[in-house]
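Here is a briefing on aromatic ring pairs. Look at the model first, then read the notes.

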Amino acid sequence: MKKIILTGFIALSILFSTTSCNNDDDRESIITSADLPTTSDTFVSTYFPNATYLTVKKTK
């Protein structure tokens with residue numbers, strides 16, 4: 001009996017751990033670096049002078 005309960009618990013744990021991950025891609029949109037606020041652009045250029053933007057995402 002314990003083996004059946006333990007097996008069921010493990011199966012449910014695996015099921016919930018693989019399906020509960022939520023990807024919030026619907027709340028993000030890709031923007032250009034020109035659309036960044038000036039404070040953000042100033043911060044990046046001050047502290048990371050050699051950095052280049054690969055992708056800029058805006059969270060809604």
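How many aromatic pairs does a search of the whole structure find? The search finds two. Rings of Phe, Tyr and Trp (its six-membered ring) pair if their centres lie within 6.5 Å; planes under 30 degrees apart count as stacked, over 60 as edge-to-face and the rest as tilted.

**Ring pairs**
- F43 and Y47 make a tilted pair, with 4.9 Å centre to centre and 50° between the planes.
- Both F43 and Y47 sit in helix α2 (residues 38–47), four residues apart, about one turn of the helix. Helices are DSSP runs (H or I, at least four residues), numbered from the N terminus.
- F43 and F48 pair edge-to-face, because their ring centres are 6.4 Å apart and their planes stand at 70°.
- Ring pairs join F43, Y47 and F48 into a cluster.

**Accessibility**
- Buried means under 20% relative accessible area, exposed over 50%, partly exposed in between (1.4 Å probe, protein chains only).
- Y47 is exposed at 56%.
- F43 is partly exposed at 46%, and F48 is partly exposed at 47%.

**Confidence and conventions**
- The chain has a mean pLDDT (the predictor's confidence in each residue, from 0 to 100) of 83, and 85% of its residues reach 70 or more.
- Among the elements of the chain, α2 has the highest mean pLDDT (92) and helix α1 (residues 2–19) the lowest (82).
- This is a predicted model: local features need pLDDT of at least 70, side-chain atom pairs count only at pLDDT 80 or more, and totals for chains, interfaces and linings use all residues.
- Residues are numbered from 1 along each chain as its sequence is written, and side-chain values use heavy atoms, leaving out hydrogens and water.

Key: Helix = DSSP H or I, 4+ residues; strand = E, 2+ residues; numbered from the N terminus.
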